[in-house]
Amino acid sequence: MSIYLELFGLIIIGFIAGVINTISGGGSALTLPALILLGVPPAVANGTNRIGILIQSIMAVAGFRSKKVNIAPFGKFGNIGISIAVLLGSILGAFIAIDIDEKIFNRILAVVMLIVILGIIFKPKIALEGKERLSGPYLWISIITFFFIGIYAGFIQAGTGILILMAFSAINHLPLVASNASKASIVGILTLAAIVVFAYNKQINYGYGIILAIGNAIGGWVASRWSVKKGDGLVKIFMLITVIIMAIKLWLN
């Protein structure tokens with residue numbers, strides 16, 4: 001395959017992932033297999049994928065702000081508390097990913113990718129209804145919850161957006177638009193922390209990361225500013241087939 005065709009394909013996949021990540025989550029279940037198919041070792045693909053996620057989050061935040069959507073609804077103390085929680089959790093998770101045996105990591109990644117993609121395809125709609133609960137015990141529950149979400153995100157990342165939306169739904173009752181805007185901000189913070197760890201340990205392919213980020217950025221911007229239909233059937237089928245193939249390959253490695 002031509003290198004130019006590979007790079008163009010990576011931009012397209014990044015765009016699709018950027019849209020998926022911004023309106024719900026799970027785009028990494030598409031970008032991780034794409035990087036691995038290009039010959040990037042799974043552990044390095046895990047770090048490289050974060051470049052696109054970070055740029056996508058920045059563009060999504062900019063898009064939401066341009067539409068006057070509040071990306072930090074918890075108040076000064078709450079926003080700082082949640083930011084610190086996800087940052088510390090993400091650093092811890094990234095160190096776990098760096099230190100874990102490669103064969104064990106491959107198998108964990110294979111299982112996680114299958115769970116995430118099946119969750120995207122079959123999950124019920126997340127109901128974000130009821131009176132908002134942004135302070136008091138609910139804030140502290142959120143801070144603790146987001147610390148553990150940060151650990152997971154630092155470790156693998158795939159499906160983090162879905163976990164964040166579920167937390168906002170179950171704990172805080174945030175409306176959907178506010179949840180997606182806040183999610184973009186939180187993902188940006190925890191991804192930046194993880195990137196520092198992966199970069200220090202030389203687990204990032206910057207060339208592929210930047211190319212992927214171009215697609216991620218465009219997808220994040222578009223999805224944050226305009227209504228995008230979720231769950232396109234063809235995309236779901238493509239993602240499912242790709243992830244199954246890569247999960248088998250990772251499990252057997």
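**Close-up views of a predicted model**

**View 1. Asn46 and its surroundings.** A polar atom of the Asn46 side chain lies 2.8 Å from the backbone oxygen of Phe155. The model is predicted: local features need pLDDT of at least 70, side-chain atom pairs count only at pLDDT 80 or more, and totals for chains, interfaces and linings use all residues. Residues are numbered from 1 along each chain as its sequence is written, and side-chain values use heavy atoms, without hydrogens and water. Asn46 sits in helix H3 (residues 42-66); helices are DSSP runs of H or I, at least four residues, numbered from the N terminus. Asn46 counts as buried because its relative accessibility is 1%. Buried means under 20% relative accessible area, exposed over 50%, and partly exposed in between (1.4 Å probe, protein chains only). Beyond its neighbours within four places in sequence, Asn46 is in contact (heavy atoms within 4.5 Å) with Leu32, Ala97, Phe105, Phe155, Ile156 and Phe198.

**View 2. Helix H2 (residues 28-37).** What encloses this helix? Nine of its ten residues are buried, so H2 is largely enclosed by the rest of the structure. The buried residues include Ser28, Leu30, Pro33 and Ile36.

**View 3. Ile218 in helix H9.** Which class does Ile218 fall into, buried, partly exposed or exposed? Ile218 counts as partly exposed, because its relative accessibility is 44%.

Key
Helix = DSSP H or I, 4+ residues; strand = E, 2+ residues; numbered from the N terminus. Polar contact = N/O pair within 3.5 Å; in protein donor to acceptor, adjacent residues only side chain to side chain.
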